Amino acid sequence: MSQSESVTMEKIVALCKRRGFVFPGSEIYGGLAGVFDFGPNGVELLNNLKRAWWKANVYDKENYYGLDAGMFKNPRVWDASGHTSGFSDPLADCRECNTRIRVDKELAAIGIQADEKMSEAEINKLFDEQRENIPCPKCGKKNFTPARAFNLLVKSNLGDFTSEGGEPVYLPGEACQGIYLNYKNVVDSMSPKLPFGLVQINKAFRNEISPRNFLFRTREMEQADTQLFVKPHENKSAFEQIKQDRMNWYLSIGIKPKNLRFKQHENLVFYASDAWDIEYNFPSLGFDELEGIHDRTDYDLKQHMEFSGVDLTYLDPETNERYIPWILETSVGMGRMFLAVLADAYHEEEMGDGIRTVLKLRPDLAPYRVAVSPLLKNKPELVAKAREVFLMLKKEFGNVAWDDNGNVGKRYRRQDEIGTPYCIVIDFDTLGENPDLLDTVTVRHRDTGDQERVNIIELVNKLK
Ligand code: GAP
């Protein structure tokens, strides 16, 4: 069975719950739409992805620096960024049952090219032409209000002791503003020369009207951003390079080329002069945005300079000129990255006399590097030797699983579903029942199911 035939969002969601990757947020209270929690295996995969992404975007590059900005910001930031006025989705209400729809998504679902960046007038023109073809998803009637822009920023009452909500401090609508706010601090403290990059993984929140498709559209998310500051008008070739680098990175972490593609935006978001998505072929969804790559020109620094009154120009040490750098951005939601990597690694295939589910994750991304088991858990001598091996490997790799539940076959299936690349079994031959095999263990390979006998003292090097 090929992966594309067998993998569905339903199966991914079920695997994530069954194997401790992702749980619905606040589940025992009936959940909270658009929020998910990462479980013990999920947080390992998520952290491994963050580490791999950080290495590629900070350590493997020159002149790239990390940051971690506070989430709350002065309310003026979101006026300057354009979010209080221009960060919205077009919504309409059903006049019969009050159900709210996202008009751009409903139009797209019936094949009409529309998106949230269109003006209210543009989207209403298309909506009016198609009203007969868009029934309310709840009551089936076709009696909607006109579409109107609904702002996506999430308000808080931080520092507001009046309960009047006069000047809300917003949760970040996009993480990158924390980078722009610290651009001057970094220039002053680190003296980077253009072009230089600032990199951050941080939270963002959006009042999505219809969070859906599991981790694809959530209300709380983490964005992994790179912002490259370049000389004005020196954007074109750097932009092309960034696009290729980002695509190559997805290929390098094992995503199949057939599931990735570029798409250029037709309608540009308010801050961008050119924008591309890297799209992934998500299960049950098809190709959709995985990562955004935006040429933001000098929009952001210019806006912050004007609204804050602080000089954000860069003094070119070579020419002594002052100018506002242009910004090239890459931004990916960690949830979407997680979903794409997990879906791509998901395989159902025949093994032995049944079908197994296996996550063929790149070994350094898998939640566990290796699992260790005693052949039988009621034989103290096997358990003692297995624990010795377990502790030795744990000291070396950290993320090592101890698995003595059920028979060995069941343990292999369980570790396959988690994506553990190697399973080690300590048996009676390890203890010397067959003297030729004394101090050797069975190493079973996830992707092929092949097994080999390896001496304990060679294990660490072999696994590395
Ligand atoms: N700073 C630019 C920015 O925020 P964006 O295209 O709105 O651009 C960047 O978002 C990325 O964040 C997207 O490509 C996607 O991976 C992720 N993202 C955006 N909205 C999301 C949501 N509601 N749920 C999950 N991920 C989301």
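How many bridges join strand β10 to strand β16? Select residues 220-230 for β10 and 326-333 for β16: 8 bridges join these antiparallel strands. Strands here are DSSP E runs of at least two residues, and helices are H or I runs of at least four, numbered from the N terminus.

This is a predicted model, where local features need pLDDT of at least 70 and side-chain atom pairs count only at pLDDT 80 or more, while totals for chains, interfaces and linings use all residues. Residues are numbered from 1 along each chain as its sequence is written, and side-chain values use heavy atoms, without hydrogens and water.

Stay on this pair. Leu 228 stands opposite Leu 328 in β16.

Now show the whole sheet. It is open, with 7 strands in the order β3-β9-β10-β16-β13-β12-β11 and mixed pairing; two strands pair if DSSP finds at least two bridges between them. At the edges, β3 (64-66) and β11 (260-264) each pair on one side only.

Next, select residues 177-190. This is helix α8, which packs on the sheet and touches β3, β9, β10 and β16.

Move to the largest nonpolar core, with 56 residues. Such a core joins buried Ala, Val, Leu, Ile, Met, Phe, Trp, Tyr and Cys through side-chain atoms within 4.5 Å; buried means under 20% relative accessible area, with a 1.4 Å probe and protein chains only. Helix α11 (334-345) gives the most to this core, 9 residues.

Pick Phe 338. Beyond four places in sequence, its contacts (heavy atoms within 4.5 Å) include Phe 21, Phe 38 and Leu 215.

Finish at a second, separate core of 19 residues, including Phe 397 and Tyr 422.

Definitions and conventions
Buried < 20%, exposed > 50% of the residue type's maximum accessible area, 1.4 Å probe, protein only. Axes fitted to C-alpha atoms, helices over the stretch in contact; angles between N-to-C directions.
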